[in-house]
Amino acid sequence: MVHASELMKYENALRDEGCVYICGVDEVGRGPLAGPVTCAAVIMPLDELIDGVNDSKKVAKKKRERLAEEIKSKAVAYSIVSFDNERIDESNILAATKACMAEAIMSLAVKPDVVLIDAVKLDLPVRTVSVIHGDALSYSIAAASIIAKVERDAYMAEMAKLYPQYDFENNVGYGTAKHIAALKEFGPTPIHRRTFIGNFVDAK
């Protein structure tokens, strides 16, 4: 198991430079056929780390949900923003993701000294550092990835109640065989991304 202290390389280097409020940013949901892209920005206290924080994809669901509550309760500041499928279809997923991340960062109650971002480069009035595979390398980005994933998964579980044929509670909008079969049989729901489903159905 990775300990939180092993994910502090970037944070420690920035603290050595004098940075105090270090923000981590990540997104969840760039690839699904349905649902929003969800971005989280979080500034964590770095003297008392929450053990178990890691890339959200590497953390089991129940543990992820517990960690999300602890992250939110201990954060100096956090913000979670979702852009729906219509917003994604209006531009494209990369543009929507960048705008969503920027909104999450600018919505923070505390202005960060520096922002660590998973992979993406953003043009903002605050210093940013792009970290490839950041959700597995930075404590702050990992914390953001957990609260973003828990938020989006909860939304997709609610959507599963409205549209039970699509198995959203298990696939969270990704194009599994069961999801694609339902899409072909029943057509798209109002939360499907029209620009993503053209290979499977008439997206109009």
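Student: Which helices each supply at least two residues of the lining of the second largest pocket?

Tutor: α2 (61-74) and α6 do. α6 gives the most, with five residues. This is a predicted model: local features need pLDDT of at least 70, side-chain atom pairs count only at pLDDT 80 or more, and totals for chains, interfaces and linings use all residues. Residues are numbered from 1 along each chain as its sequence is written, and side-chain values use heavy atoms, without hydrogens and water.

Student: What makes a space a pocket and not a cavity?

Tutor: Both are sets of points on a 1 Å grid over the protein atoms alone. In a cavity, a 1.4 Å probe fits but cannot get out; a pocket is an open set with protein on both sides within 12 Å along at least five of seven lines. Lining residues have an atom within 4 Å of a point. The second largest pocket holds about 170 Å³, and the largest has about 200 Å³. Of the 14 residues lining the largest pocket, the closest to its centre include Glu-27 and Lys-57.

Student: How are residues of the lining of the largest pocket classed as nonpolar, polar or charged?

Tutor: Ala, Val, Leu, Ile, Met, Phe, Trp, Tyr, Cys and Pro count as nonpolar; Asp, Glu, Lys and Arg as charged; the others, Gly among them, as polar. That gives two nonpolar, four polar and eight charged. The second largest pocket has four nonpolar, no polar and six charged.

Student: Which strand gives the most to the lining of the largest pocket?

Tutor: β1, with three residues. β1 covers 22-28.

Student: Why is Val-131 called buried?

Tutor: Buried means under 20% relative accessible area, exposed over 50%, partly exposed in between (1.4 Å probe, protein chains only). Val-131 has 2% relative accessibility, so Val-131 counts as buried. Val-131 is in strand β5 (residues 127-131). Ile-117 is 14 residues from Val-131 in sequence, yet 6.0 Å away in space, C-alpha to C-alpha.

Student: And why is Tyr-21 called partly exposed?

Tutor: Tyr-21 has 35% relative accessibility, so Tyr-21 falls in the partly exposed class. Tyr-21 lies in the loop between α1 (9-16) and β1.

Key. Grid points are joined across faces, edges and corners, and a volume is the space filled by probe spheres set on the points. Helices (H or I, at least four residues) and strands (E, at least two) are DSSP runs, numbered from the N terminus.
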